Amino acid sequence: MSVLVGLIVALGMLVIVPAGLRLMDSEGTAALRRLWPLFALPGAVCLWLPRGTAATALAACYAAGTVLLALHVPRRLLRTRSAAPAEIAVLTALASPSVAGLALVAERAGHRLFGFDLEILALTVPHFHFAGFAAALVAGLVCRAADGPAGRFAALSVPLGTLLVLLGYFLDDRAELAGALVLTAGMWAVALLTWRHVRGARAGAGDRLTRALLAVSAAVLVATMLLALSWALGEATGLPHPDLTWMAATHGLGNALGFALCSVLAWRRLGGTVL
């Protein structure tokens, strides 16, 4: 599982975050986007080193980049003075990698941060790159493209569900289940709007590749979030459910490649769409 999780996290660091930043308003983030490889490359290298001083130092370098990214949250709030659903989604995207960065430093140091097992800390890193950054970003883009009750619901429920899942780490499995339910509802709303609105109205009949990427991203969300629900329900109730290795190979890999990568590539191809 560690090899697979490492590959997924490296994809988030090296591809998803910098590509996603290009879908945001360049004011304020352009300089960090250019410097991002200086943070992401050490972060990716640390994933393949044994836990210890060297891995921790490289992880801290990446965490510094995520903190700089999170500092754009108050700056953007001061500039936009907006609490619109799409804006809440993009603020969540800006802040989420810092949670992943903190968990990465602790895990690479072998430190059980807040008492969490190292395995849970390791899985927190991809979760806040993909459920935190990528999902919130795409929810905001979908909300902007399909302005209406469903779009606003998606842009609000994805950040809320991500936050509730994080709080569930500290409370109990039932709180985490509640977060998974909210997050799943938001992600399915993203999938529905992507399939019915963005894929047709925005991509155009002639752009088959963009339409295919959007179709894959929407279809994958249905399956991967069902897996997330089954795991959270099993943890909360004791019912049989997939183990973490199986979840990494299905839910994690599907969200990384099928949803996040396809979505970012598709929205980049759409062009001119920024948050």
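Helices (H or I, at least four residues) and strands (E, at least two) are DSSP runs, numbered from the N terminus. The model is predicted: local features need pLDDT of at least 70, side-chain atom pairs count only at pLDDT 80 or more, and totals for chains, interfaces and linings use all residues. Residues are numbered from 1 along each chain as its sequence is written, and side-chain values use heavy atoms, with hydrogens and water left out.

T124 sits in helix α6 (residues 118-145). T124 is buried, with a relative accessible area of 6%; buried means under 20%, exposed over 50%, partly exposed in between (1.4 Å probe, protein chains only). A polar atom of the T124 side chain lies 2.8 Å from the backbone oxygen of I120. Apart from neighbours within four places in sequence, T124 is in contact (heavy atoms within 4.5 Å) with V99, A103 and Y169.

Y169 is among the buried residues of α7, which also include G151, P159 and G168. Helix α7 (residues 149-170) has 22 residues and spans 32 Å from first to last C-alpha, close to the 32 Å expected at 1.5 Å a residue; the expected span is 1.5 Å times one less than the number of residues.

Helices α4 and α5 are roughly antiparallel to each other, a term for angles over 145 degrees. Axes are lines fitted to C-alpha atoms, for helices over the stretch in contact, and angles run from 0 to 180 degrees between N-to-C directions.

| Helix pair | Angle | Axis distance |
|---|---|---|
| α4 (residues 72-80) and α5 (residues 85-109) | about 155° | 9 Å |

The contact involves H72, V73, R76, L77 and T80 of α4 with E87, V90, L91, L94 and A95 of α5.

How values were computed: Angles under 35 degrees count as roughly parallel, over 145 as roughly antiparallel, 65 to 115 as roughly perpendicular and the rest as oblique. A polar contact is a pair of N or O atoms within 3.5 Å; within protein, one must be able to donate a hydrogen and the other to accept it, and residues adjacent in sequence count only if both atoms are side-chain atoms.
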